[in-house]
Amino acid sequence: MSLKIYNVMSRSKEDFVPLTPGVVKMYACGITVSGDAHVGHAYQSVVFDVITRYLRYKGFDVTYVRNYTDVDDNIIKNANAIGQDPMEFAEEHIATIDKQMDALGNNPPTVMARATHCIDDIIKFIEQLIANGHAYAADTGDVYFRLASFPEYGKLSHINMEKNEVAVRKDLEPGKQNDLDFALWKSAKPGEIYWDSPWGRGRPGWHIECSAMNMRFLGEQIDIHGGGRDLIFPHHENEIAQTESVTGRPFAKYWVHCGLVKINGQKMSKSLGNGILLRDMLAKYDADIIRFALLRNAYSNDIDINDSFFPDAARHIYKMYSTLARVNSADKSKADSAKTETKIAEITAEFEHAMDDNFNTGHMIASSFGWFDFIDAELRKPASNYDLSAIAAHIVKLFGVLNILQADACTYISSVKDAFLRTHNITTEFIADRLNARADAKKNRDFARADAVRDELLSMGLQVCDTPHGTEWDIKF
RNA sequence: GGCUUGGUGGCAGAGUGGUUAUGCAGAGGACUGCAAAUCCUUGUAUGCCGGUUCGAUUCCGACCCAAGCCUCCA
């Protein structure tokens, strides 16, 4: 079975064949650090992290470049609003977001590129575009891309600019030769941050930095170019125009875009004030839960976050860890290695079947419910014919591609329980006391009393369970 | 107006030219003093209309509806 990737350019699933066998060059547009990171950024970063991990699982040598755009109009505006130097502002946000990405469980990209660290590359790139007639410098010190010089413009988003009248901006900036031309270099206004260039003091326009950084770190052609779906137009369209105007060759072989995040069915936006910040997510949920929730559907779809979105994921993660923890005490005396191997192969096949289909993590997770059901069913038998701990270890290994379930199961369960008791001000002594009271009542066959104790604990969010090994308590989800 | 993506059971959400995953919720059962957890069984769906086909939810076309992009956006 071979990996298939949905290519936005061709609007179809294609077999994945990299430019160089065994090697993958991937670029995903990261964050413009004009503010705090939100769920949308988290989603996009997790998706491309998992794509990288799966490509490596398949044996590819992956170079994953991701960028921070750390200079742009909004950064300057937002920094000015709080009286901070824009570079300092960007620097602080990058430091914060780096930490959050780590807490989210993302691997650092192979290269974390930054626009302001590549100003020379950007200037060089623009010079090339001017030299071959694709760009022009205005008297104002601005440089624009001449859209008419790139007839294929619109091939990714399938927009025909002549028909797409609404797109034409009427606020024609002085020096622009055509409404559709877009800025490659913007001259600095007095007091604004600037870099020296052949066109005077200024800064890069949006779009050009990604073309320049791609060229610098990955070369003229790459295998996969990704980002959020909102970047298809105009950002990626402009990148294509810039890069292909310089190289004369197709830029990226596969264009991959993840869906957008909605909150309770509504678009997440600043004006609605319904955005969820990554910071707040991380304060409430661990990386296992967040990643599980984000990866439960296909990356190309939008995600709609409702009230049960994260709690649902939390319950599933807890349940899966519970099963893994129970495996530790399984009886191995009747374990058959051939049967175990067959089961492991079957699980692997299901895993790859789902992931090979355009990285369908949602399908993979759905399959995994069957794996856990299998283990739970075997655990009910006195002695399984399977080596359940070997199977569980294999499942954990596969989940490593999603970077989920990688903690020690018993440790995870007990830390969740501890955290629950702490936030609810419950002590283990108290629980032991109530459990003893219930045991006494049960001994006296005073079941009304015993049930009253159980209800009391239940009202505090604790579930009492009688097991063959004695009475235990758990969190009631 | 242009473009894109979708419309699947109570909700969420996959795959598939011919027995329609999975999760939550529901029903029945095993287990239990009763529960919980777990397991087993189970009901309910493919927007509308045409076409291709022996057969379409899946392919094609029209239509309706929704979301997104066309302005900064992951």
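Mentor: Accessible areas here come from the Shrake-Rupley method with a 1.4 Å probe, and for residues only the protein chains shown count as cover. This is a predicted model, where local features need pLDDT of at least 70, side-chain atom pairs count only at pLDDT 80 or more, and totals for chains, interfaces and linings use all residues. Residues are numbered from 1 along each chain as its sequence is written, and side-chain values use heavy atoms, with hydrogens and water left out.

Trainee: What is the accessible surface of chain A?

Mentor: By that method, chain A has about 22100 Å², and 50% of this belongs to carbon and sulfur atoms.

Trainee: Why is a set of residues called a nonpolar core?

Mentor: The name applies because its members are buried Ala, Val, Leu, Ile, Met, Phe, Trp, Tyr and Cys residues joined through side-chain atoms within 4.5 Å. The largest one has 98 residues, and Leu-55, Phe-399 and Leu-402 have the most contacts inside it. Helix α9 (residues 309-327) gives the most to this core, eleven residues. A second, separate core of 44 residues includes Val-8, Phe-150, Leu-156 and Cys-210.

Trainee: Which residues does Phe-399 touch?

Mentor: A contact means heavy atoms within 4.5 Å. Leaving out residues up to four places away in sequence, the partners of Phe-399 include Met-320, Met-364, Trp-371 and Phe-372.

Definitions and conventions: Chains lettered and ligands numbered in written order. Buried < 20%, exposed > 50% of the residue type's maximum accessible area, 1.4 Å probe, protein only. Helix = DSSP H or I, 4+ residues; strand = E, 2+ residues; numbered from the N terminus.
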